[in-house]
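Please open the model in a viewer and keep the selection tool at hand.

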Amino acid sequence: MPRPRIIKTHANYRFLPKQLHAKNRQAKVIHFLRNPKDIAVSFFHFYKSIETLGNFTGSWAEFFNMFMTGNVIYGSWFDYVLEWWEHRHDNNTLFITYEDTKSDPTATIRKITSFCGKDLSPEAVERIAEHTSFEKMKENQAKTFPTFIYDETISPFYRQGKVGNWKQYFTVEQNELFDKMYKEKMSGCGLDLKFEI
């Protein structure tokens, strides 16, 4: 495969190719984060709609418990993110968030292009922002995900794309429980995620 190559993965950091762990590596890694409350809701719908994940038929309360105990694909969200976050100072790694991308897509695109050593015109950045918007991706979904693994009759692949959708699912008790665990696990790590914008 000719360079440059792009590899999209949800893998834990430790499972990346060894070349990405070597010093003075040329490969660039962009880690895209999203707040874990919205991730939990997204996972809930994925688990219901993907056969390889078992077409989960349980309730949100049951899934919430699975998520909180790390009994989901990739394990604990906290462990997964902290493993990646340890590499935030690596010169070949950039962290961006879904929330920042939703708030200011052009700033995020400029951050990515700068990280990749590219200089794009403002017009090019605007075109990228338009074509990578949630609405445009939803409109072109046949080109952006493999329909053979996802059952859209259960839940659409592109549901809402909103920050803070978790508030429609989390009970007050679940939110308090989550906030307590988030504080315990993430305190002092320096990662500041937005749960609404």
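**Salt bridges**

A search across the whole structure of this predicted model returns 5 salt bridges. Three of these stops follow, and the tour then turns to a loop and to the nonpolar core.

Select arginine 14 and glutamate 83 to begin. These two residues form a salt bridge in which the closest N and O atoms are 2.3 Å apart. The pair joins distant parts of the chain, since arginine 14 belongs to the segment before β1 and glutamate 83 to helix α3, 69 residues apart. Glutamate 83 counts as buried because its relative accessibility is 14%.

Next, select lysine 37 and aspartate 179, whose side chains meet in a salt bridge at 2.7 Å, N to O. This pair also links distant parts of the chain, with lysine 37 in helix α1 and aspartate 179 in helix α8, 142 residues apart. Lysine 37 is buried, at a relative accessible area of 3%, whereas aspartate 179 is partly exposed, at 36%.

About one helical turn separates the two residues, because they are 4 residues apart in helix α8. Lysine 180 is exposed, with a relative accessible area of 53%, and glutamate 184 is likewise exposed at 55%.

**The loop between α2 and α3**

Move to tyrosine 74, in the loop between α2 and α3. Its phi is near 75 degrees, a positive value in a residue other than glycine. Tyrosine 74 is partly exposed at 34% relative accessibility.

Serine 76 is found in this loop between α2 and α3. Is serine 76 buried or exposed? Its relative accessibility is 16%, so serine 76 counts as buried. Display its side chain as well: a polar atom there lies 3.2 Å from the backbone nitrogen of phenylalanine 78.

**The largest nonpolar core**

Finally, select Phe63, Phe67, Trp77 and Phe178, which touch the most other members among the 34 residues of the largest nonpolar core. At least two residues of this core come from each of β1 (29–33), α1 (36–49), α2 (60–68), α3 (77–85) and α8 (172–186). Centre the view on phenylalanine 178: leaving aside residues up to four places away in sequence, its contacts include Pro36, Lys37, Phe64, Phe67 and Phe195.

Key. Residues are numbered from 1 along each chain as its sequence is written. This is a predicted model: local features need pLDDT of at least 70, side-chain atom pairs count only at pLDDT 80 or more; totals for chains, interfaces and linings use all residues. Side-chain values use heavy atoms; hydrogens and water are left out. A nonpolar core is a set of buried Ala, Val, Leu, Ile, Met, Phe, Trp, Tyr and Cys residues joined through side-chain atoms within 4.5 Å. Buried means under 20% relative accessible area, exposed over 50%, partly exposed in between (1.4 Å probe, protein chains only). Contact means heavy atoms within 4.5 Å. A polar contact is a pair of N or O atoms within 3.5 Å; within protein, one must be able to donate a hydrogen and the other to accept it, and residues adjacent in sequence count only if both atoms are side-chain atoms. A salt bridge is a side-chain nitrogen of Lys or Arg within 4 Å of a carboxyl oxygen of Asp or Glu.
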